[in-house]
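This report describes a structure through its local backbone features, its sheet and core, and the contacts between its parts. The sequence and the model come first.

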Amino acid sequence: MAGRDDPVDLYRALALHRAAATRLKSLREQGQVPAATRCGLGYEAVSAGAARALRTADDSTGDVIAPTPDNPGAFFVFGGTPLEFFRQRLARDSAPGRGREPGMCPTDFERGLAGPAALPGTMVEVMAGITLAFRLRGQDRVGLVFSGEDETSTSAWHEGINFAAAQRCPLIVVVQAGTEASIGAHTRARDFGQKAAGYGVASASVDGGDVLAVHGAVLAAAERARSGKGTTLVEARGCPASRRVHRAARTGEGRHPDENSPDPVARCRARVVGERIARASDLDEVERGARSEVRAACEQALGESSPAEERALGGVYGGDPGTPPWYRLEPPARGLAPASTT
Amino acid sequence: MTSNSRPEHLGKTLRGKPVTLLEAISEALFEEMERDSSVFLMGEDIGVYGGAFKVTRGFLDHFGAERVIDTPISEAGFTGAAAGAAHMGLRPVVEMQFMDFISPAYDVITNYLATSRYRGSGSVPVVVRGPVGGGNRGGPFHSQNVEMAFFHTPGLKIVYPSTAYDAKGLMKAAIRDDDPVIFEEHKSLYRAPHLREVLPAEDYVVPLGKARRAREGGDATIVTYGAMVHASLEAAAVLEKDDGVEIEVLDLRTLLPLDDAAIAESVKKTGRLLVVHEDTRTGGIAGEIAMRVSEQAFEWLDAPILRVTAIDSPVPYAGGLEDYFLPRVSDIVTTCRYLTGY
């Protein structure tokens, strides 16, 4: 998708994100995934709206996105499936990451998916390099990296966007910002557009709960990037406040006390129905379909096995088959050096 | 604007002239860029200025600004960008102006590059190279050896040449390797006149992970690398002349992976082991080598394993202080005498 989008298709993407995030939250509450697992509730509009403004492909010719754990909707738009999502989160042997890392989005550059990094901001650096490669090769491709508002305080985020700006990389940095109050916890800048000006890159500020607004802003940024005009920062305001702010406010997961934006899925639904683009019953059907797909995927993943222990070995280097420690293989004979101690 | 002809100073080997270790590295970079259009360079002042030590002098004119990229001062940013470019099929070589400055990139190297393959995000063929080492009155911020900051990270390879021949062959091997490689270049060896040598005109690589026997002997083994290879050879010559003992000197060339087989073979022959490194003592590679030898060749040892290293302090600036800080030839001679007399 890379043009003005069909609102019903956008709604379908929102519904799938919502269904997966809701199911993941249940798994978290059941203790099936770690308590710190981020689910992405409240990020439906920014996730789906941004991703559907880009070009997807499955042969390494499309755009590339780097979602945060809050953006399952973007993962699905780029060809990720609910089954992969739950396998990954549940660390199944069948997961793309083979249980070796818990990131929501496994790396698959054929589909344009860039997996996670350890620390906030690092993926801005990595995506700067990915889009540098696009520019060096004269490719008509764009990269998009999602950031949390707290991420913008890191040196990695700064160095990444500054590098992208200096190298005119076709990169879109989406900052999922909260409200004035939550932004103020991270910066004295009034908004992230002020930061963009400091880097000399274009910026746009949109309502992050309005899927059409996000979609339009990212579409414009992508066109700009494809025409050689470099990096754009898109501020999506009204996203759930960062967890750091939540902790400060002791409100747990949910919205910051001063955040009263309506639910992004409900907003999209009201608009689609209100403008008579689709009937409420059609959207009900879309939601049922999404929930059904997610339920089936989750059940299948729950029924699959975890990786065998010894699969922790190997793959650290190219051609590395993995060698178990000698004391896991045979009891040592007294007085004899083991054949291998590595 | 690019030039088609090879810069005069990068053609010494083709003319049968001897080259320094620095020139050998320059030739390796140049020839790899000629051979493979996916190889490109990034770093601070490597283009117009030709690099702080002029390793890339003339490269900008020959290859152009898209393959010799002057970056903002942002070690984390451009190393992260290198990872992204590597994901897209390029083979970046990034220069740390001094390896002391690699510390801001520690996160992206250890958490991102080193883990990428294991996590299923694919290989990242990135070479991070730069000058290391003391003896140049550079003080605490321009003299460090950084190998042990990274040695503990599975997924990385670490190379540290001591001769021009090895530097060229190892650099080519590092660039062609699909795993991330940290390539340390000792400043004192860069232009050392006694290290000039005529290199083969034809293409060659020195395989990673293979040590070199720099001197044959049967009375004790010195395992070392980098500038300390030459100090050890000097000490071995003194010991042969004054004491009539024959010291074997093993030049590791690659620290990660370690050539366990070569170390064990030599120790089993001589029964005595001294590890010499310019890096500081505590947590230095001597500890790891001693442990491996203890596991693999304990029964062949006729004396305790010893080490000669820098003292445990930052690298001091004043000449006398730095001279005291660094390992000396006389330290190696003294220790070998103790070892062979044990």
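## Backbone features

B:Pro257 is placed in the loop between β10 (254-256) and α9 (260-270) of chain B. Helices (H or I, at least four residues) and strands (E, at least two) are DSSP runs, numbered from the N terminus. The peptide bond from B:Leu256 to B:Pro257 is cis, with omega near 5°. The model is a predicted one, in which local features need pLDDT of at least 70, side-chain atom pairs count only at pLDDT 80 or more, and totals for chains, interfaces and linings use all residues. Residues are numbered from 1 along each chain as its sequence is written, while chains are lettered from A and ligands numbered from 1 in the order in which they are written.

Most residues other than glycine have a negative phi, and most peptide bonds are trans. A:Arg168, not a glycine, has a positive phi of about 50°; its place is the loop between α6 (155-166) and β3 of chain A. A:Arg168 is partly exposed, with 16 other C-beta atoms within 10 Å (a residue is buried if 20 or more other C-beta atoms lie within 10 Å of its own, exposed if 12 or fewer, and partly exposed in between, with C-beta atoms placed from the backbone). In chain B, phi of B:Arg137 is positive, near 60°, and this residue lies in the loop between β4 (127-132) and α5. B:Arg137 counts as partly exposed, with 15 C-beta neighbours inside 10 Å.

## The sheet of chain A

Five strands of chain A form an open sheet with parallel pairing, in the order β1-β2-β3-β5-β4. Two strands pair if DSSP finds at least two bridges between them. β1 (64-66) and β4 (202-207) of chain A are at the edges with a single partner strand each, so one side of each has no neighbour in the sheet. Strand β2 (residues 143-148) of chain A is joined by six bridges to the parallel strand β3 (residues 171-176) of chain A. In this part of the sheet, A:Ser147 stands opposite A:Val175 in β3(A).

Helix α2 (residues 44-51) of chain A lies across β1, β2, β3 and β5 (232-237) of chain A and runs at about 170° to β3(A). Helix α8 (residues 192-199) of chain A touches β3, β4 and β5 of chain A, and its direction makes about 170° with that of β4(A). Axes are lines fitted to C-alpha atoms, for helices over the stretch in contact, and angles run from 0 to 180 degrees between N-to-C directions. Two residues are in contact if their C-beta atoms, placed from the backbone, lie within 7 Å.

## Nonpolar core

The largest nonpolar core has 200 residues, and A:Ile172 and A:Val218 have the most contacts inside it. Such a core is a set of buried Ala, Val, Leu, Ile, Met, Phe, Trp, Tyr and Cys residues joined through C-beta atoms within 7 Å. Helix α1 (residues 7-30) of chain A gives the most to this core, with 10 residues.

## Interface and domains

The contact takes 37 residues from chain A and 39 residues from chain B. On the side of chain B that touches chain A, α3(B) gives the most, with 10 residues.

The domain assignment of chain B, automatic or from a database, gives domain 1 (8-195) and domain 2 (212-340). Their centres, taken over C-alpha atoms, are separated by 26 Å.
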